[in-house]
Amino acid sequence: MATAEPLSAAPSSADITSPDGMSADAMSPHAVSPPLGCRTHTYDDAHAEGTTGAPPTLIGSVQRAMRLLEAVASHEEGAPAKQLAREAGLALPTAYHLLRTLAHEGYLRKEKGLFVLGAAAERLSSSGVQQNRRGMITDALQHWRDAIGVPVYFSVYREGEIEVVAVADTPGNPAVAEWADFRETGHAHAIGQCLLAQLDDESRRDHLDRYPAYSITPYTVRDDRSLLRRLNGLGRMQPVVERQEYALGTVCAAFPITVGSTAATMAISLPSHQAGRLLPAARQLQNEVGKLVRTLAFSISI
């Protein structure tokens, strides 16, 4: 990753240490907390707020810290401070101050004299991967939404709960409004029924012990026994169809997806006056979704 270089070749204030070992960055007014209810106004603030079209104000200490993090990340087994300072192009005293700060904040940790990435840096990395995965899922759902002309949902059953991972809809074809908590009403919507159908008997009964079936519309399955009888009658890859059981005026269909041992489903919804489109659209989506099963499986770790 490219990094911006300091604006001047002259030594920066962070490269100069005080007699007591404190860096100039640490002694700056930025390190002093303002009085309660007040905000310290600095030159950087005035420059950023009062100049239009001027180059952005760059914070040299942040740039140097980023270069150190990049240097550490290039060594799987870690590296000593002197080597990191040399690779980052920093004076050794400056590198020491920044390494201690980064370690204190959890971005680095020191093991047997070597610096390695810490938990905070790893969380940043995993968050980026998760965002990329979610973006891939969302892009796929949006493609199918546009190709089929229906709202598309991707959901999983994780840690005993129904979780809607992503939804793609449009103002002209809106998703079903969650007027009753999706987690607690899995018995009433196609997503929940499809996920519950994939669970073993013990997990299914555990879910219903926590969220028993009850009528939320005149069409909802009325009790656990009726729901279990319906679920036991479903074919392995058969779409689950729900007509106005969760929301009046809406019909939904969901089908299971194989992503390891985790129960997952894709679903669509339509206004009830378009019920004739429901199964053909669901089967069209089901036929195409195999192309993205591997990507969908990644989202289980999100």
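Me: Which residues of helix α9 are buried?
Reply: This is a predicted model. In α9, residues 224-232, the buried ones are Leu-227, Leu-228 and Leu-231.

Me: Why do they end up on the same side of α9?
Reply: They cover an arc of only 95 degrees around the axis, so they share one side of α9. An α-helix has 3.6 residues a turn, so residues three or four places apart point the same way.

Me: And what is exposed on the other side of α9?
Reply: Arg-225 and Arg-229 are exposed there.

Me: What do the buried residues of α9 pack against?
Reply: Two helices: α7 (190-197) and α8 (201-210).

Me: How do α8 and α9 pack, in terms of angle?
Reply: The angle is about 150 degrees, and the axes are 12 Å apart. The two helices are therefore roughly antiparallel. From α8, the contact uses Arg-204, Arg-205 and Leu-208. From α9, it uses Asp-224, Leu-227, Leu-228, Leu-231 and Asn-232.

Me: What does Asp-223 do at the start of α9?
Reply: A side-chain oxygen of Asp-223 comes to within 3.3 Å of the backbone nitrogen of Arg-225.

Me: New topic. At what angle do α3 and α4 cross?
Reply: Roughly 120 degrees, with the axes of α3 (residues 60-73) and α4 (residues 81-88) coming within 9 Å. That makes α3 oblique to α4.

Me: Is that crossing left-handed or right-handed?
Reply: The α3 and α4 crossing is right-handed.

Me: Which residues meet there?
Reply: On α3, Arg-67, Leu-68, Ala-71 and Val-72. On α4, they meet Leu-84, Ala-85, Glu-87 and Ala-88.

Technical notes. Residues numbered from 1 in each chain as written. Predicted model: local features only at pLDDT ≥ 70, side-chain atom pairs only at ≥ 80, totals over all residues. Heavy atoms only, no water. Buried < 20%, exposed > 50% of the residue type's maximum accessible area, 1.4 Å probe, protein only. Helix = DSSP H or I, 4+ residues; strand = E, 2+ residues; numbered from the N terminus. Arc of directions from axis to C-beta. Contact = heavy atoms within 4.5 Å. Polar contact = N/O pair within 3.5 Å; in protein donor to acceptor, adjacent residues only side chain to side chain. Axes fitted to C-alpha atoms, helices over the stretch in contact; angles between N-to-C directions. Parallel < 35°, antiparallel > 145°, perpendicular 65-115°, else oblique. Left-handed = near helix turned anticlockwise from the far one by under 90°.
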